[in-house]
Amino acid sequence: MTRLLILFLVLAAAFLSWQIVHRSSPFVRAWRPSTFKRRALGSLSVLDSGPPAIDSGSTVVLLHGLGATAEYFGDAYDGLARRHRVLIPDLLGFGGSLDEARSDFGLEAHDEALKQALDAAHLQDSRLTIVAHSMSAAIALDFARVHV
C-alpha cells in the first residue's frame, strides 16, 4: 500500500510539474488558432485558405500527427495562404473528420479520403506539396506512391 501511495505521489508530482512547464512555455502562450475557414471536402473536415489553386499554381497540404487535429498548426502557417492555397485536413477519426460509424482507418482509407478531399477542392493542375507530421508521414508517402 505504501509503494502504491509513493508511486501515485511521484506520478502526480511529475504531471503537475509538466503542466507548470507546459503552460508557462512562451511557445504555448504564443499559440493562436488558425484564421482559415473550415469546410467539408469529401469525408474530411478541412481548414482551407489562400488564393484558388488555379491562380496560385500551388497547394500546400499540412497533415497533423497522431492524436492531433488540424488545429495543431494554429496560425503559425496562415502566412502561407498569401501565395499558396493551403489545406489542413482533420485526418480520418480526428476532430471534424470523426465518424463513429467508420471502422476502417488504414492507409488505403486515408489515401482515398485525402484523394476525395483534394478532388473536391478543385485543384486542377496545381503543384501539390504535402507536409506531414509524425504518423501522417506514412500517409503522405503512401499517397505519393499511389497517386504520383
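The legends below accompany close-up views of a predicted model.

Residues are numbered from 1 along each chain as its sequence is written, and side-chain values use heavy atoms, with hydrogens and water left out. Because the model is predicted, local features need pLDDT of at least 70 and side-chain atom pairs count only at pLDDT 80 or more, while totals for chains, interfaces and linings use all residues.

**View 1**
Five strands form an open sheet with mixed pairing, in the order 1-2-4-3-5; strands (E, at least two residues) and helices (H or I, at least four) are DSSP runs numbered from the N terminus, and two strands pair if DSSP finds at least two bridges between them. Strand 1 and strand 5 stand at the edges with a single partner strand each, so one side of each has no neighbour in the sheet. On average, and with direction ignored, neighbouring strands of this sheet are turned by 30° against each other, where axes are lines fitted to C-alpha atoms (for helices over the stretch in contact) and angles run from 0 to 180 degrees between N-to-C directions. Strand 2 and strand 4 run antiparallel and are joined by four bridges, and L47 stands opposite I88 in strand 4.

L44 belongs to strand 2, which covers residues 44-49, and L44 is buried with a relative accessible area of 2%; buried means under 20% relative accessible area, exposed over 50%, and partly exposed in between (1.4 Å probe, protein chains only). Apart from its neighbours within four places in sequence, L44 is in contact with R39, P89, D90, L91, L92, S97, A113, L114 and A117, contact meaning heavy atoms within 4.5 Å. The C-alpha atoms of L44 and F105 are separated by 13 Å, the two residues being 61 residues apart along the chain.

**View 1. Helix 4 and what covers it.**
Helix 4 has 14 residues and reaches 20 Å from its first C-alpha to its last, close to the 20 Å expected at 1.5 Å a residue, the expected span being 1.5 Å times one less than the number of residues. Its buried residues are A109, H110, D111, A113, L114, A117 and L118, and what covers them includes strand 1 (37-41), strand 2, strand 3 (58-63), strand 4 (85-89), strand 5 and helix 5.

**View 2. The packing of helix 4 against helix 5.**
Helix 4 and helix 5 pack at an angle of about 70°, with their axes 9 Å apart, which makes helix 4 roughly perpendicular to helix 5 (under 35 degrees counts as roughly parallel, over 145 as roughly antiparallel, 65 to 115 as roughly perpendicular and the rest as oblique). Helix 4 contributes L107, H110, D111, L114, K115 and L118 to the contact, and helix 5 contributes A138, I139, D142, F143, V146 and H147. Helix 5 also lies across strand 3 and strand 5, running at about 155° to strand 5.

**View 3. Two loop residues with positive phi.**
Most residues other than glycine have a negative phi. H122, although not a glycine, has a positive phi of about 55°; H122 sits in the loop between helix 4 (107-120) and strand 5 (127-132) and is exposed, with a relative accessible area of 55%. S134, likewise a residue other than glycine, has a positive phi near 60° and lies in the loop between strand 5 and helix 5 (136-147).
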